[in-house]
Structure formats: structure tokens, C-alpha cells
Amino acid sequence: MERIGIRTCPLCEAGCGLKITMKDDHVVSIRGDEEDVFSHGFICPKGTTLGALHEDPDRIRTPLIKRNGAFVPASFEEAFDLIAERLTELISEHGRDCVGVYLGNPNAHNIDTMIYGKPFIKALGTHNVFSASTVDQRPKELTSALMFGGPLTAAVPDIDRTDYLLILGANPLESNGSLATAPDWPGRLQAIRKRGGKVVVVDPRRSRTAEVSDEHLAIKPGADALFLAAIATTLYEENLVSMGRLAEFTNGVTETRDALKPFTAESTATHTGIEASVTRRIARELASAQKAAVYGRIGTTTQRFGTLSSWLVDVINVLTGNLDRPGGAMFTKAAAGASNTRGSREGGREVRTGRFTSRVRGLKETFGELPVATLAEEILTEGPGQIKAMITLAGNPVISTPNAAIMDKALESLEFMIAIDIFVNETTRHADVILPVPSVLERSHYDLALLQLAVRNVANYSAPLVRKAESQPHEWEIVAKLALIAQGMPASTEPSVADEVVCRTLVEQADLASSANGLNADEVMKALEPRVGPERILDFMLRTGPYGNHFGANPDGLTLQKLMENEHGIDFGALELRLPDALRTASGNIELAPKICLEDVPRLRAALDEDLSAVVLVGRRHLRSNNSWLHNVPAMMKGKDRCTLHVHPDDASRYGLKDGELATVKSKAGVVNAPVEITEDIRPGVVSLPHGWGHDLDGVQLSVASAHAGVNSNILTDPNELDAPTGNAVLNGIPVELTPA
Ligand SMILES: Nc1nc2c(c(=O)[nH]1)N[C@H]1C(S)=C(S)[C@@H](COP(=O)(O)OP(=O)(O)OC[C@H]3O[C@@H](n4cnc5c(=O)[nH]c(N)nc54)[C@H](O)[C@@H]3O)O[C@H]1N2
Ligand SMILES: Nc1nc2c(c(=O)[nH]1)N[C@H]1C(S)=C(S)[C@@H](COP(=O)(O)OP(=O)(O)OC[C@H]3O[C@@H](n4cnc5c(=O)[nH]c(N)nc54)[C@H](O)[C@@H]3O)O[C@H]1N2
Ligand code: SF4
Ligand SMILES: [Mo]
């Protein structure tokens with residue numbers, strides 16, 4: 001019998017509503033859900049892959065244990081017994097830091113690991129915590145925390161109401177948007193232009209987003225901070241600073257001006273590749289637009305000046321008075337989980353980095369994590385505190401992180417490795433135990449993180465569409481079990497023991513007087529029955545959140561039950577003014593000139609004296625990829641080879657490269673051969689290779705992906721090139737040498 005299921009797509013940040021036609025447990029078709037309150041029927045090609053992912057014969061359905069070099073199927077009981085034995089042994093011999101953890105990108109879309117990931121890491125008690133955040137948005141999280149008081153108190157462009165959008169280093173027509181949750185970027189960008197607004201894209205490549213914009217500025221890679229600093233300086237020089245009501249609660253305006261003085265439109269022009277007159281014009285356009293927003297993404301964070309670029313994006317939003325203004329850059333009021341809807345402006349605390357440092361290179365921690373660019377050497381360098389065991393949770397560091405070839409060797413050298421994953425891929429093939437998780441259709445979904453960055457205030461919850469096998473634990477149960485084992489409990493301990501502790505701790509730490517109708521913790525726990533697991537915790541967050549029913553104090557308010565009854569989601573409306581109340585800085589004000597940012601300005605100053613002759617490599621994304629893990633879906637692999645090196649015709653003739661033939665690309669870290677694709681859509685002196693490829697390694701069990709292997713661009717990424725304040729890796733702007741292969 002056919003049935004229709006409504007779900008939110010968990011594959012990217014856009015969070016589109018899907019209408020899935022099922023026949024028994026088989027997907028017949030997937031379409032955009034026209035009734036979805038946010039996506040109104042929009043869907044991209046990836047959204048149609050949920051059935052293929054669920055049914056992929058290569059997807060792991062039972063734990064795998066490596067015996068004599070080969071994986072053999074095992075029960076979860078056997079797997080957990082082995083883990084308990086080996087982890088306990090290693091921890092007692094070498095101490096807790098001998099276990100390293102790496103959390104990958106899909107965790108951001110996974111309510112199970114969003115909730116139980118932190119307690120799990122705490123239970124492990126190791127300093128060696130790494131994640132995909134330091135090859136991604138860490139600089140933006142840091143500047144948002146420093147300026148506004150929380151890593152996810154990040155300003156998002158109010159694209160539905162703006163007149164002027166300056167986009168740097170983002171290509172939402174391929175990525176579908178990031179740190180600005182919005183389904184249907186193509187439609188929303190088109191709407192800006194239709195209502196007479198302007199879209200300007202700053203990107204070394206003429207990306208698809210640049211193609212549909214009014215103006216494209218082909219900046220030199222890594223020069224965004226210079227360009228943005230010059231815009232800010234122009235605003236000061238030409239008396240265009242107009243902060244409006246923000247002036248009442250912003251510190252550091254003069255300090256910012258003084259720090260940025262050396263960076264004028266003229267002094268930066270050679271290094272940005274953008275003429276001074278253009279930079280000045282953009283500054284004036286931003287200042288004169290009624291409503292304007294500056295928005296920067298991957299190209300601004302995964303580069304040499306990630307922190308300064310991210311900072312300056314918001315400096316300009318503040319100086320032009322566009323922060324917290326409809327049509328400017330605004331703050332979401334999320335239904336659940338946001339730190340800026342809890343507590344008060346008075347209760348803010350200073351953000352500190354470097355509370356501990358990495359063993360080998362002394363790199364600073366940020367938000368409790370060490371830069372993943374140093375993970376391989378933490379594994380390979382002998383001595384006290386060396387990582388001997390790794391746990392990867394939804395991550396593929398062999399493909400996604402710097403110095404990939406060495407990372408591959410590092411994982412191979414471990415004494416013990418656990419992977420929680422759905423495939424035997426480039427990373428998980430090194431594991432001693434792989435623990436599979438339920439498929440995308442077998443689990444529930446609520447975008448706890450990304451809904452905090454949505455361009456409208458919305459919420460939606462999806463129940464599982466397909467019942468998982470009895471023997472397959474939920475992902476949260478796997479993580480909870482590992483936490484219990486790490487705490488020395490027997491492998492047979494029920495995950496519910498950990499769930500009880502996690503939920504109770506959350507409830508006890510909450511301000512129940514103001515959000516739970518004065519109930520005490522016991523009464524709240526009782527009221528949440530009979531739910532368990534992530535649903536119980538989500539229900540608590542929703543009820544005590546800004547739209548919540550507050551356990552009766554606001555009877556029509558939100559509960560999980562209510563969200564479940566609204567399967568197309570609930571729309572709480574357009575973004576609203578949130579400042580100054582949402583600020584959680586120590587001063588309670590916007591900190592325009594955080595010390596950590598000012599301390600990095602001399603490094604930017606020094607960049608003005610650098611020689612610019614090297615060819616540099618940048619990345620790119622394609623609509624039908626998802627980092628490293630969607631290449632096993634046949635429908636996503638149709639068409640011509642996508643893992644090609646984009647080269648400008650001038651560079652092709654200079655270096656003797658021919659379209660369709662292989663080029664050797666050599667960096668300080670490594671060398672790869674990639675097929676050349678000659679295109680005018682890239683700045684001369686810049687070449688581009690997408691990341692996420694290189695599936696031809698021995699032992700990978702991805703039959704479709706391996707047949708279209710591509711090359712791993714991160715073999716070229718230098719682990720020593722970092723954004724100084726965060727240790728975030730430099731994935732864009734890598735100097736390379738080109739020769740015909
Ligand atoms: N050169 C270069 N490198 C980059 C980037 C770049 O632009 N250029 N981008 C960076 C960015 S932004 C990111 S986010 C990282 C991503 O880095 P990673 O997160 O390390 O890589 P992914 O390819 O997203 O790997 C996801 C893994 O999770 C598994 N998986 C999928 N769904 C689930 C699930 O539900 N549960 C579990 N347990 N596992 C699951 C997949 O099989 C895969 O092994 O890559 C970074 N690397
Ligand atoms: N289809 C698809 N969608 C995805 C993903 C995917 O792999 N495939 N990954 C998801 C993830 S994990 C993330 S984090 C988001 C990322 O989302 P986006 O940030 O939109 O990512 P990209 O599409 O890589 O766009 C980055 C752009 O920056 C440009 N660029 C490179 N270097 C520089 C520079 O120095 N300065 C400037 N101004 N631009 C530069 C590149 O040419 C590229 O066009 O996408 C998510 N969505
Ligand atoms: S845009 Fe993102 S959320 Fe929407 S269907 Fe595509 S992959 Fe899924
Ligand atoms: Mo990412």
C-alpha cells in the first residue's frame with residue numbers, strides 16, 4: 001500500500017520539506033513539500049536521494065569487527081564488549097588523553113548527536129577533541145561569541161527583505177546556503193533583484209551565484225579581510241558611519257577605526273585585485289542602501305584571515321547600522337536550544353580561547369576543541385599524551401582535513417579505532433570496530449543547530465518514516481553506551497542510564513522559575529513522561545523556549561506534540577529585532593573591537609608587503625555532492641567528471657596545460673594529478689579543485705564512488721597554514737606549482 005510521509009531533508013542546511021511516497025518500506029518518489037512553511041516545495045537534486053541512501057547495498061547494517069585485517073559482521077553486544085575491553089585497557093595504561101575524538105559535519109544535522117555528543121566527550125575526559133568545525137566555520141563562531149556573546153549568536157542576512165546583499169566566499173546556488181538557513185536561495189536571490197535590490201558577489205571564481213548577481217568582484221584568494229577593512233576605513237574616512245540605535249550599546253568604535261587605518265581602498269588594491277574606486281563605491285552603496293547586509297561564508301572562513309574576515313563582515317554591518325535591522329543582518333529567535341534565548345543580557349561571560357593547548361604544536365583550543373590540522377601529528381608523535389585510539393563520529397578526516405595522505409597513515413598507525421558511520425570509506429576502513437547507525441529514513445529529525453541560523457523563525461520536526469530493525473540501536477543509544485563505557489561501566493549497561501542523567505542535568509540547570517511555571521525538577525521530569533531520549537529533551541527545550549507553553553504558563557505555546565501535529569512545520573514569522581536583549585557578552589554590549597581580533601591585525605598589515613606571484617588553489621562545491629559522502633548514489637554521479645582542475649586559459653598556456661589532460665599540482669604538503677578543465681570563469685593566477693574526492697583507496701567499500709574516484713584535494717592542504725586566532729585550516733589560497741603530468 002502506498003503512503004505519503006512528510007520529512008525535513010537532513011542533508012544540508014537549507015532544511016527543505018520533502019513529500020515522500022512510500023510503498024511498504026520502499027521509497028517510490030520524493031518531491032518538495034509544497035505545504036512546507038519555509039521551503040514551499042523547493043527541493044534540490046540531493047533531496048531525492050534519501051531512498052537511495054536508505055537502500056544503498058553498501059550501507060553498513062551490522063557492526064563490523066576487524067579480524068586479521070578483514071571486517072567480519074558482529075552483533076552490537078560483541079562490538080561493545082570489545083570496545084569496553086580495549087578502551088578501558090588503553091585508558092588505564094596511558095590516561096584519558098590517549099583517546100582522540102573527531103566529530104564530522106552530519107552531526108550538525110543530527111539531533112541524537114547534537115544532544116548526546118557533548119556529554120559523551122565529557123565522559124571520555126580527553127583534551128583531544130577535534131571536529132570538522134576547524135575546517136569550516138570556527139572563525140565565525142569565535143567572532144560571533146566575541147562580538148555578540150555566543151558562537152551561534154551569528155548574524156544572518158535577512159535576504160527576504162534586504163535591498164543590497166554583499167556575498168563573500170559563498171556559493172549558495174551550489175551549496176544551498178550555510179550559516180544562513182534558507183531553502184531556495186535561487187528564488188530568494190532573484191526576488192532581491194526583482195524588487196529593485198542589488199546582489200554583489202565577491203569570489204575568485206565566477207560561480208553560479210556570481211552569474212545570477214548584479215556584480216561580480218573576482219577577488220584574490222585570502223584578500224577578503226583587506227577588502228572589508230578598506231570598506232570599513234572608507235566608511236570612516238568619508239563620514240559614512242551611521243550606527244543608529246546600535247551606538248547606544250556598542251563598544252570599541254574608535255579602536256576599530258584606529259586599527260583599520262592602514263587599510264585604505266588604495267593601499268589594499270594590489271593585494272585584493274579590486275580597484276580602489278570599486279571598493280569605495282561598494283562602501284558608499286552599502287552606506288546609502290536603505291537595508292543592506294554583508295554575508296561571508298566558506299571562502300572567508302577557511303582561509304588565512306578567517307577570523308578577521310568574519311569579524312569585519314559584522315563590523316561593516318554595525319557601522320552601517322544594518323545589524324539587527326529588518327533587511328540587514330539579524331539574529332534568529334530559535335524555538336529550541338539557543339543560548340541567546342536563555343538567561344539575560346546581564347549574565348554574559350567573557351569568551352576565552354587557549355584554556356589548554358595541543359601537545360605537539362601548542363595550538364590553542366577554541367570552544368573545547370583543538371584544530372584538526374594538528375590531529376595527524378598528535379597521533380604520530382610519540383610521547384606522553386600521544387593519541388593511541390580514535391573515535392570518529394560521522395566524519396571522514398582522510399578526505400576532509402589537511403595533509404590527507406599523512407592523516408591516512410596516522411589512522412593506520414593507531415592501536416585502536418572506533419568509527420560510528422554508515423559506510424566503509426577512506427576513514428572508517430582503518431577502524432577496528434565500525435558501529436552502524438539507523439538510515440536517514442529510520443531516524444527522527446529536528447535541526448537543533450541550523451534552525452538557530454534561519455532567515456525566518458521556524459521549527460519543524462520529522463518522525464522516522466521506516467521502522468528500524470530491533471537489533472539496531474538509535475544513534476544516541478550508541479553514543480550513550482560509549483559514554484558509559486568510558487566512565488568505566490560494564491558494556492551491558494543500558495543507554496537509558498545515561499539518558500536519565502543527561503536529561504535531569506539539563507532540567508536542573510535550567511531556570512525553571514521563569515520558564516517552567518515554577519515546577520521543580522522532579523515535577524518537570526514527571527511532566528515529560530513517557531518520552532525518553534532526544535525527544536524528551538527536545539520537548540523540554542521547546543516548552544521552555546521563547547514560544548514554549550512553559551508547562552502551562554503559556555497554555556497555547558509550543559510543545560513537541562504540537563510540532564508533531566504540524567508536519568509541514570510552524571512559522572513564527574520574519575526575523576525580529578533582538579538587540580540588545582540577545583547579547584551575552586561580558587559587558588552586555590556589542591564588542592566591535594575584541595582583543596583577539598585586534599591582536600591579529602598586524603598579521604594582516606604584514607600581508608600588504610607580501611609577494612603575490614604564486615598560483616593559488618581554491619576549492620568549490622557542486623550541487624550534487626555533499627562533502628565526501630554522496631558519491632555512492634548513482635543518480636548523483638551522472639554526467640561528466642566533476643573532480644577537475646579549473647584553470648584560466650592564460651594560465652593553461654603559461655604552464656602548458658591542455659583541456660582534458662592531466663596536470664600535476666604540487667604544494668608544500670603534497671602532490672596530485674588532476675584532469676584540467678579550461679574555463680574563463682576563474683581569475684588568472686587561481687586554480688580550483690573540489691574537495692570530497694579520492695575514493696580509490698584500498699579497502700574502501702563504495703562500489704559507485706570508487707568507480708568515479710577523483711583526487712583528494714586535501715593532500716595539497718598544508719597543515720601548518722592556519723588562521724592564527726582559531727587554528728582553522730587554510731583550505732583556500734594554497735600556493736601551488738603546475739606542470740603537465
Ligand atoms: N579542501 C577542502 N576541504 C574541506 C572543505 C573545503 O571546502 N575544501 N570543506 C570542509 C567542511 S565545510 C566540512 S563541514 C568538512 C566535512 O568533513 P567531514 O565531516 O569529516 O566529512 P563528510 O564528508 O561530511 O563525512 C561525513 C561522514 O559521516 C558519515 N555519515 C553520514 N550520515 C551519517 C549519520 O547519520 N551518522 C553517522 N554516524 N555517520 C554519518 C559519512 O559516511 C561520512 O563518513 O570538510 C571540510 N574539508
Ligand atoms: N552541494 C553541496 N552543498 C553543500 C556542501 C557540499 O559539499 N555540496 N557542503 C555543505 C557544507 S559542509 C558547507 S560548510 C556549506 C558551504 O557553503 P558555501 O560557503 O556556500 O560553499 P562553497 O559552495 O564552497 O562556496 C565557497 C566559495 O568561496 C570561493 N572562494 C574560495 N576562496 C575564496 C576567497 O579567498 N575569498 C572569497 N571571497 N571567495 C573564495 C569559492 O570559489 C566558492 O565559490 O555548503 C554545504 N552545502
Ligand atoms: S537544498 Fe539541502 S535540504 Fe534542500 S533538498 Fe537539497 S540537500 Fe536537502
Ligand atoms: Mo561545512
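How many nonpolar, polar and charged residues does the shell around ligand 2 have? By class, that shell has nine nonpolar, 13 polar and eight charged residues. The model is predicted, and every value below is computed from it.

**Ligand 2**

- There are 30 residues around ligand 2, and those that come nearest are S175, D203, D224, S625 and N627.
- A polar backbone atom of G222 lies 2.8 Å from an oxygen atom of ligand 2.
- A polar backbone atom of I298 is 3.1 Å from an oxygen atom of ligand 2.
- On its own, ligand 2 has 920 Å² of accessible area, and the protein covers 98% of it.
- Two elements give two or more residues to the shell around ligand 2: helix 5 (172-175) and helix 12 (298-301).
- Helix 5 supplies the largest share of that shell, with three residues.

**Ligand 1**

- Ligand 1 also has 30 residues around it, and Y102, N105, S400, D421 and S628 come nearest.
- N105 places a polar backbone atom 2.6 Å from an oxygen atom of ligand 1.
- A polar backbone atom of N396 is 2.8 Å from an oxygen atom of ligand 1.
- The contact from N714 uses a polar side-chain atom, which lies 2.9 Å from a nitrogen atom of ligand 1.
- Ligand 1 exposes 910 Å² when taken alone, of which the protein buries 97%.
- The shell around ligand 1 divides by class into 13 nonpolar, 12 polar and five charged residues.

**Helix 20 and helix 21**

- Helix 20 covers residues 521-528 and helix 21 covers residues 533-544; their axes come within 10 Å and cross at roughly 115°.
- The crossing of helix 20 past helix 21 is right-handed.
- On the helix 20 side, the contact is made by V524, M525, A527 and L528.
- On the helix 21 side, R536, D539, F540 and R543 make the contact.
- By class, this contact between helix 20 and helix 21 has five nonpolar and three charged residues, and no polar ones.

Conventions:
Residues numbered from 1 in each chain as written. Chains lettered and ligands numbered in written order. Predicted model: local features only at pLDDT ≥ 70, side-chain atom pairs only at ≥ 80, totals over all residues. Heavy atoms only, no water. Axes fitted to C-alpha atoms, helices over the stretch in contact; angles between N-to-C directions. Helix = DSSP H or I, 4+ residues; strand = E, 2+ residues; numbered from the N terminus. Left-handed = near helix turned anticlockwise from the far one by under 90°. Contact = heavy atoms within 4.5 Å. Nonpolar A, V, L, I, M, F, W, Y, C, P; charged D, E, K, R; others polar. Near = heavy atom within 4 Å. Polar contact = N/O pair within 3.5 Å; in protein donor to acceptor, adjacent residues only side chain to side chain. Areas by Shrake-Rupley, 256 points an atom, 1.4 Å probe, with all protein chains shown as cover.
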